[in-house]
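Hi,

Here is the structure I said I'd pass on. Have a look at it first, then read my notes below.

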Amino acid sequence: MSGWLAARVAEVVPASASGRVLVLDVPGWPGNLAGQHLDLRLTAEDGYQAVRSYSVASVGAGERVELAVDEVPDGEVSPYLVQDVRPGDVLEVRGPLGRYFVWQPEDPGPVQLVAGGSGVVPLVAMVRAHAAARSPAPFRLLCSVRTPADAFYRPELEALVDDAFRLDWVWTRAAPPGWPGTPGRLTAAGLAAAALPPEAGPTVYVCGPTGFVEAAASLLVAAGHPPGRIRTERFGGS
Amino acid sequence: MTGPHPPRPGAGTPAGRPPVDGNAAAGLLGEVLAVEVTTAVAECRGCGAHAPLAQAVVEVDAAGALVRCRGCTRTLLTVLHVPGGVRLEVGCLAALTGAAPTGGAPGAGG
Ligand SMILES: Cc1cc2nc3c(=O)[nH]c(=O)nc-3n(C[C@H](O)[C@H](O)[C@H](O)COP(=O)(O)OP(=O)(O)OC[C@H]3O[C@@H](n4cnc5c(N)ncnc54)[C@H](O)[C@@H]3O)c2cc1C
Ligand SMILES: [Zn+2]
């Protein structure tokens, strides 16, 4: 599993004001579960290497792997992935990694997903897997982003809303025109209005920048969700 | 002590079998070192907390990764890049319990 695989960039698609989707062809990729990530390695001409983790937005079998990367200003790796990488370029990846932050379609229980910014990426894989399996498990996604221009996968997620999948947005800086309420961070009241209640017994997946994950997990615990039912994945930053 | 059984160096020797060497642990140690680490439960010697390694506090840099207990912040493990390989330094980790990588039944096979 520690083997690095060559990943040829097949497609790059703008995904938000500061992010983009990278579609990679990875011969030897064994497929992946919803929520898993990979390590991506860049090697400079002088041999210097940098490794970062990225969640896999695609799910299931096949050697096409989709990532969505948000540019962290002054970052070492993400500005290169968002601005410079071109179709045909070859990167290296290893994975799929992680069995903890994973949802499997055989799991019939209710699921609450909570995303901050690019933390939506592994949750998109879960929503895709849920839709592909026509799973009746109640699924809800609460997405916190700064502004509509920052939201990854919004049209796709909105198109998937149905009886088994509910989607809510928290706009922290600016909401779309006509949106009721004022922009602001996720609050206890906002959580209570959108999320499955603790009595429903959901497994909760929280993902995003570390500060967002800590804040959201605290709100969830304060609302009565047992800490053992809250799975977190921290992307870094403050 | 003499008799039909060889001397036992410790109570841990299973079923009185004579001690062998590290080669005999190759399969089992290989299993431990290949466990799925995110779900494996780490026990902290410092505060006694048990938690999946996915929930540990981790600091990653070019040298490697420092894995700390979320309960007490003590260092559980350090993983370092060294020339030609990696080095695992065990800190406050008392135990790591994980599922066999193959999903095989414990004790099955040999
Ligand atoms: C399991 C896992 C999955 C991830 N999945 C994704 C993903 O799907 N999409 C994605 O865009 N990113 C994801 N990340 C984050 C990614 O690994 C990098 O941390 C991120 O791209 C920044 O790397 P960089 O080299 O550009 O910045 P660096 O040079 O590493 O950091 C520059 C500065 O930005 C801060 N910083 C680092 N990461 C973040 C962050 N996420 N948010 C805010 N500030 C940060 C650092 O503290 C530092 O001060 C994931 C991280 C993990 C651990
Ligand atoms: Zn501890």
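One definition before we start: helices (H or I, at least four residues) and strands (E, at least two) are DSSP runs, numbered from the N terminus. Also, this is a predicted model, in which local features need pLDDT of at least 70 and side-chain atom pairs count only at pLDDT 80 or more, while totals for chains, interfaces and linings use all residues. Residues are numbered from 1 along each chain as its sequence is written, chains are lettered from A and ligands numbered from 1 in the order in which they are written, and side-chain values use heavy atoms, with hydrogens and water left out.

Let's begin with chain A. A:Ser78 sits in helix α1 (residues 78-84) of chain A. With a relative accessible area of 6%, A:Ser78 is buried (buried means under 20% relative accessible area, exposed over 50%, and partly exposed in between, using a 1.4 Å probe and protein chains only). If you skip its neighbours within four places in sequence, A:Ser78 is in contact (heavy atoms within 4.5 Å) with A:Tyr54, A:Val69, A:Asp70, A:Glu71 and A:Val72.

Now the rings. Over all chains, the structure holds 5 aromatic pairs. Rings of Phe, Tyr and Trp (its six-membered ring) pair if their centres lie within 6.5 Å; planes under 30 degrees apart count as stacked, over 60 as edge-to-face and the rest as tilted. One of the pairs is A:Phe101 with A:Tyr205, which is edge-to-face, at 5.4 Å centre to centre and 85° between the planes. A:Phe101 lies in the loop between β6 (90-97) and β7 (111-116) of chain A, and A:Tyr205 in strand β10 (residues 203-208) of chain A, so this pair ties together parts that are 104 residues apart in sequence. Both A:Phe101 and A:Tyr205 are buried.

What about A:Trp171 and A:Trp179? Their ring centres are 5.6 Å apart and their planes are at 90°, so this pair is edge-to-face. A:Trp171 is buried, at 3% relative accessibility, whereas A:Trp179 is partly exposed, at 34%. Together with A:Trp169, A:Trp171 and A:Trp179 make up one aromatic cluster.

Which residue lies over the face of A:Trp169? That's A:Arg154, at 5.8 Å from the ring centre. The charged end of A:Arg231 sits over the ring of A:Tyr100, 5.7 Å from its centre. For this, NZ of Lys or CZ of Arg has to be within 6 Å of the ring centre and within 35 degrees of the ring normal.

On to chain B. It has 1 helix and 7 strands, and along the sequence they follow the pattern α-β-β-β-β-β-β-β. Of its 110 residues, 20% count as buried. Among contacts in chain B between residues at least 6 apart in sequence, 30% join residues at least 24 apart.

Look for B:Thr78 in strand β5 (residues 75-82) of chain B. B:Thr78 is buried, with a relative accessible area of 15%. Not counting residues up to four places away in sequence, B:Thr78 touches B:Ala65, B:Leu66, B:Arg87, B:Leu88 and B:Glu89.

Last stop: B:Val32, which is in helix α1 of chain B. At 43% relative accessibility, B:Val32 counts as partly exposed.

Cheers
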